[in-house]
Amino acid sequence: MATLDLQPKENKSPSAQATITGAEAVVRSLLAEGVDIAFGYPGGAIMPVYDSLYDYQDKLHHVLARHEQGAIHAAQGYARASGKVGVCLATSGPGATNLITGIADAQIDSTPLVCITGQVPSALLGSDAFQETDVIGISMPVTKWNYQVTSAEEIPSALAKAFYIARSGRPGPVLIDITKDAQFQQLDFSYQACNFIRSYREEPTMDFDKIKEAADAINSAERPFVLFGQGVILANAEEEFRQFIEKANLPAAWTILGLSALETEHPLNVGMLGMHGNYGPNLLTNECDVLIAVGMRFDDRVTGNLSKYAKQAKVIHLEIDPAEINKNVYAHIPVMGNAKKTLPLITELLQPNSHADWLARFKACDDLEHEKVIHEELHPKHDVLSMGEVIHILNEKTGGDAIIVTDVGQHQMVACRYAEFVRSKSNITSGGLGTMGFGLPAALGAALGAPDRTVVCVVGDGGLQMTIQELATIHQTQAKVKVLLLNNEFLGMVRQWQQLFFDKRYSSTEMINPDFQQLAKGFRMKTNQVTHRDQLDEALTEFITSEGSYFLEVMVGKENNVFPMVPSGSGVAEIRLE
């Protein structure tokens with residue numbers, strides 16, 4: 001059957017002149033920005049926009065989440081997997097407030113989103129009308145920019161600015177709140193994309209003296225050490241970063257958001273930073289003489305006790321956001337700018353080097369960690385399944401080419417430590433905010449944002465139950481999401497802390513769970529459960545090779561812990577192997 005063209009007959013272009021409603025202007029503005037998928041949940045104050053969407057279903061696909069938090073996490077997953085701006089729609093009042101956790105998550109993790117909320121009519125603003133909340137005031141601390149539209153004529157320019165601000169510089173979430181009367185009003189619509197705002201600088205000016213100073217410091221270093229974060233991915237600077245570290249043989253370690261910017265098996269990839277990171281990167285942070293941070297913000301989970309962090313090192317910080325310079329760690333040489341531009345300029349000035357003895361120190365630490373932690377985690381001698389061995393076999397099935405989306409907890413740290421990646425934009429997780437419930441809807445968004453790739457959601461029994469209703473959205477969209485539940489019947493990360501630091505007083509952390517197999521069947525998903533090691537290999541093969549979505553539950557050790565670990569309040573060099 002031929003596709004029916006429901007776009008207004010007087011104008012086929014979403015950006016050219018036409019007299020339309022504000023609601024239709026929202027839809028046509030999204031189309032002008034190249035948006036072809038949006039996530040959301042309808043309601044009274046946003047209903048005119050949804051009515052206009054009805055006429056554009058062949059051009060803009062709407063994904064009906066089962067909760068607004070699910071919608072915004074899905075938009076995050078879509079943005080992270082596709083590299084595009086994620087779009088989310090919600091109504092006023094509780095619809096808008098249900099977005100706030102996801103907006104805060106996107107802000108701290110630099111995820112580009114445009115969130116559009118409906119609002120009560122202008123005449124009722126401030127009257128405590130039905131489903132009215134001050135979403136502008138509520139969201140101001142957790143958005144890159146927000147704006148309330150009260151006139152239809154403002155809609156095209158407000159959305160053009162929203163997309164420009166969300167995607168440029170250090171990306172982030174933007175919220176546009178549109179009153180209901182503005183959605184009904186008529187306007188002469190035309191759309192002009194935004195690429196300049198007088199008061200807004202998307203990138204700081206590069207200082208070439210600092211670039212030379214950074215190169216000189218690296219050239220003279222005996223023990224240089226590179227830390228890289230998501231800024232490398234957001235700048236699309238993966239190849240520039242590779243050339244940078246390879247020219248001078250610089251060991252490089254990643255934050256959890258930087259994971260996959262450099263393939264796991266690269267010889268200069270020395271592992272994960274932070275509280276549950278690898279032994280060598282943490283220990284040797286306090287032995288390097290030059291510390292080069294690229295696109296990362298020195299989060300407390302990376303630095304541990306700041307009074308004990310890298311005091312011996314000269315710090316070079318490559319960063320696009322001026323607010324991050326000297327915020328936590330003093331930068332002796334700040335290099336401002338987009339990493340895609342600054343890295344090649346430094347690389348050009350670098351002298352080839354081997355740093356053989358220094359790299360051997362990382363290898364020795366890695367060998368010790370394998371002996372004390374990794375070998376037992378990946379190849380347990382006891383009957384109880386470990387999370388690490390599940391991820392290890394998963395790697396074999398995916399060849400490191402899957403997108404791994406994790407929720408938050410022990411399974412997240414294990415997946416980040418042991419998952420293998422061969423290309424960028426393959427690790428999607430909630431980093432700065434640590435939002436339980438992120439994993440399942442984010443995996444849905446990732447599957448829709450990268451439909452040609454295998455998407456695996458690694459989730460724990462606690463986080464899964466926070467957004468489990470999005471299994472219905474996966475069914476309705478037929479998204480190919482592979483859900484891997486690592487079930488330890490505990491809030492595992494909290495339980496680990498209770499064991500180590502609260503005398504095993506397991507207060508409110510044991511989970512009496514539902515029958516997840518029956519639940520998955522209720523959502524019409526193919527499902528299986530693994531309780532013994534001899535079932536695991538075959539189950540994971542079917543899990544990965546099966547067409548469509550799949551729910552695999554693996555019962556793992558109830559009281560297994562994630563090591564190494566930097567205890568709270570300790571320095572990174574005080575990392576514990578057991």
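A cavity, on a 1 Å grid over the protein atoms alone, is a set of points where a 1.4 Å probe fits but cannot get out, whereas a pocket is an open set with protein on both sides within 12 Å along at least five of seven lines; lining residues have an atom within 4 Å of a point. Grid points are joined across faces, edges and corners, and a volume is the space filled by probe spheres set on the points.

**View 1. The cavity of the predicted model.** The structure holds one cavity of 30 Å³ or more, and the largest cavity contains about 60 Å³ of space. Its lining is made by E377, S386, M387, Q410, V414, N488, G557, N560, N561 and V562. This is a predicted model, in which local features need pLDDT of at least 70 and side-chain atom pairs count only at pLDDT 80 or more, while totals for chains, interfaces and linings use all residues. Residues are numbered from 1 along each chain as its sequence is written, and side-chain values use heavy atoms, with hydrogens and water left out.

**View 2. The second largest pocket.** About 690 Å³ of space lies in this pocket, which is lined by 28 residues, with T264, E265, N269, D366 and H370 nearest its centre. Helix 15 (356-378) is among the elements that each supply at least two lining residues, and the largest share of the lining, 10 residues, comes from helix 15. Helices (H or I, at least four residues) and strands (E, at least two) are DSSP runs, numbered from the N terminus.

View 3. In helix 9, the residues I211, A214, A215, A217, I218 and N219 are buried, meaning under 20% relative accessible area with a 1.4 Å probe and protein chains only. Among the elements covering the buried residues of helix 9 are helix 11 (238-248), strand 12 (290-294) and helix 14 (339-349).

**View 4. The loop residue H355.** H355 lies in the loop between helix 14 and helix 15 and is buried, with a relative accessible area of 7%. Not counting residues up to four places away in sequence, H355 touches A221, E222, P224, A248, N249 and L250, where a contact means heavy atoms within 4.5 Å.

**View 5. Confidence along the chain.** The protein chain averages a pLDDT of 96, and 98% of the residues score at least 70, pLDDT being the predictor's confidence in each residue, from 0 to 100. Over residues 1-12, however, the pLDDT is below 50. Where pLDDT is low, the predicted coordinates should not be read in detail.

Notes. Buried < 20%, exposed > 50% of the residue type's maximum accessible area, 1.4 Å probe, protein only.
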